[in-house]
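Let's take a walk through this structure together. Have a look at it first, and then we'll go through some of its strands, helices and ligand surroundings.

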Amino acid sequence: MNIKLLKSKIENDKTLVISGSKSESNRLLILQELFSSLTIDNVSDSDDVCAMQRALASTENVVDIHHAGTTMRFLTAYYSLCSTRELVLTGSSRMQERPIGILVEALRQLGADIEYDKKEGYPPLRIKGKIVEGGKVELPADVSSQYITALLLVGTKLKKGIELHLVGNITSRPYIEMTLQLLKQLGVESTFEGNIISVKPLVKVNTEQFTVESDWSSASYFYSFVALSPIGTTIKLKSYKQDSLQGDSYVNELYTTLGVETTYLADYTLELKKVRETAPVFKADLIETPDLAQTIAVTCFGLGIKCEMTGLHTLKIKETDRLVALQNELTKLGGKVEITDESMVIYPTEGMNEGVEISTYQDHRMAMAFAPLVLKGDIEISEAEVVTKSFINYWDCLAQIGVNMAKK
Ligand SMILES: O=C(O)C1=C[C@@H](OP(=O)(O)O)[C@@H](O)[C@H](O)C1
Ligand SMILES: C=C(OP(=O)(O)O)C(=O)O
């Protein structure tokens, strides 16, 4: 299904309720499986989290998690070391191109029995669950933090706990910190010093009730809408906290350069307001917040300002090669974009080509990031249903803020 977005202005001061964080939800679901007394509120209703719930409820010997990266990585560790099941863990054709060798190698160091069913280093995986003692593991940290989180989550159940020795530059570090914070709330003792993380086995559950904060990566698209709107425009979002566990809450700092101010109101309500014109150049290193890259790229293009982003080397192995996808689609709109393996520069251009069909490459964030350009002119989003990977009612939320659209 394509969605044609017709040039619109947003209605001022609307309030949207955004579903729970997919990252927090998928961590807590694994922890709930390990410590059954946990209860979780505001669990994300996204496809990736439903894939986790379905997998955990399944007794089949083939488990398919579709496009969900966290679900694939967390379950690989869970089935290998916290179950005695034999199964094949697989995913979509794109998932079969997303590397998992570093995690498999780390789990094998602990004694796991995992074989590749097709291509070495990639899903599907043939797993024979084994109970092992735990201990020291060495692994590269510059490809995906999800491998590290997967090991930390299961480390809480291993007799000796787990001690990770991280090699290379740590990527997506706030996601590791989120994991350690959740473990701390649960009652797990851990340390993270230099490149060594150690997690002790959990003795006593401290907290049984967890409430997932709404998803900050989902909030980023509304920062983009506000940044592209006239001064004075506001949108309110629920339910967000000032002391978030999510690294993408840094979007509030990043968008100050783009003219958006954030206020934390009562009742976990966030107010985004366009307060000033934008600086002519936006520069950021996104090694800690890779999921914000597409949102920011499109905002800067829409504002007609120069955008220089670095720290993007992991974008190639996400739902699509996001560097190439952004370059292709912004170029169709009249943008001038240069990319390297880990960086992107967007040069200032005026206006955009109208009526262009944006390809989304089976990537939810391509669809969601390009939609705010409807404030500049008509634009069509292909395969618009991809948004459900992380944000089921994205298009409904756009309708609620006054975006005109037609399904095609
Ligand atoms: O741990 C998590 O919940 C995530 C970690 C990040 O992945 P990488 O560590 O692979 O960058 C992020 O892009 C993904 O959307 C969610
Ligand atoms: C990269 C992402 O997800 P995952 O790696 O969990 O599939 C994302 O949501 O942008």
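Predicted model: local features only at pLDDT ≥ 70, side-chain atom pairs only at ≥ 80, totals over all residues.

Start with β16 and strand β17 (residues 306–310), which pair in the parallel sense over five bridges. Here, two strands pair if DSSP finds at least two bridges between them, and strands (E, at least two residues) and helices (H or I, at least four residues) are DSSP runs numbered from the N terminus. Within this pair, Lys 283 stands opposite Glu 308 in β17.

Residues are numbered from 1 along each chain as its sequence is written, while chains are lettered from A and ligands numbered from 1 in the order in which they are written.

Both strands belong to an open sheet of four, ordered β16-β17-β19-β18, with mixed pairing. Because β16 (281–285) and β18 (336–339) stand at the edges with a single partner strand each, one side of each has no neighbour in the sheet. From one strand to the next, the twist averages 10°.

Two helices lie across this sheet. Helix α9 (residues 293–303) lies across β16, β17 and β19 (344–347), at about 165° to β17. Helix α10 (residues 322–332) lies across β18 and β19, also running at about 165°, this time to β18. Those angles run from 0 to 180 degrees between N-to-C directions, with axes being lines fitted to C-alpha atoms, for helices over the stretch in contact (C-beta atoms, placed from the backbone, within 7 Å).

Elsewhere, six bridges join strand β8 (residues 135–140) to β9, and the two run parallel. Glu 138 stands opposite His 165 in β9.

Now for the ligands. What classes of residue make up each shell? The table has the counts; Ala, Val, Leu, Ile, Met, Phe, Trp, Tyr, Cys and Pro count as nonpolar, Asp, Glu, Lys and Arg as charged, and the others, Gly among them, as polar.

| Shell | Nonpolar | Polar | Charged |
|---|---|---|---|
| Ligand 1 | two residues | nine residues | one residue |

The residues around ligand 1 include Ser 23, Tyr 175 and Thr 314, where near means a C-beta atom, placed from the backbone, within 6 Å. Helix α5 (residues 145–155) gives the largest share of that shell, three residues. Around ligand 2 you'll find, among them, Lys 318, Arg 365 and Ser 390.
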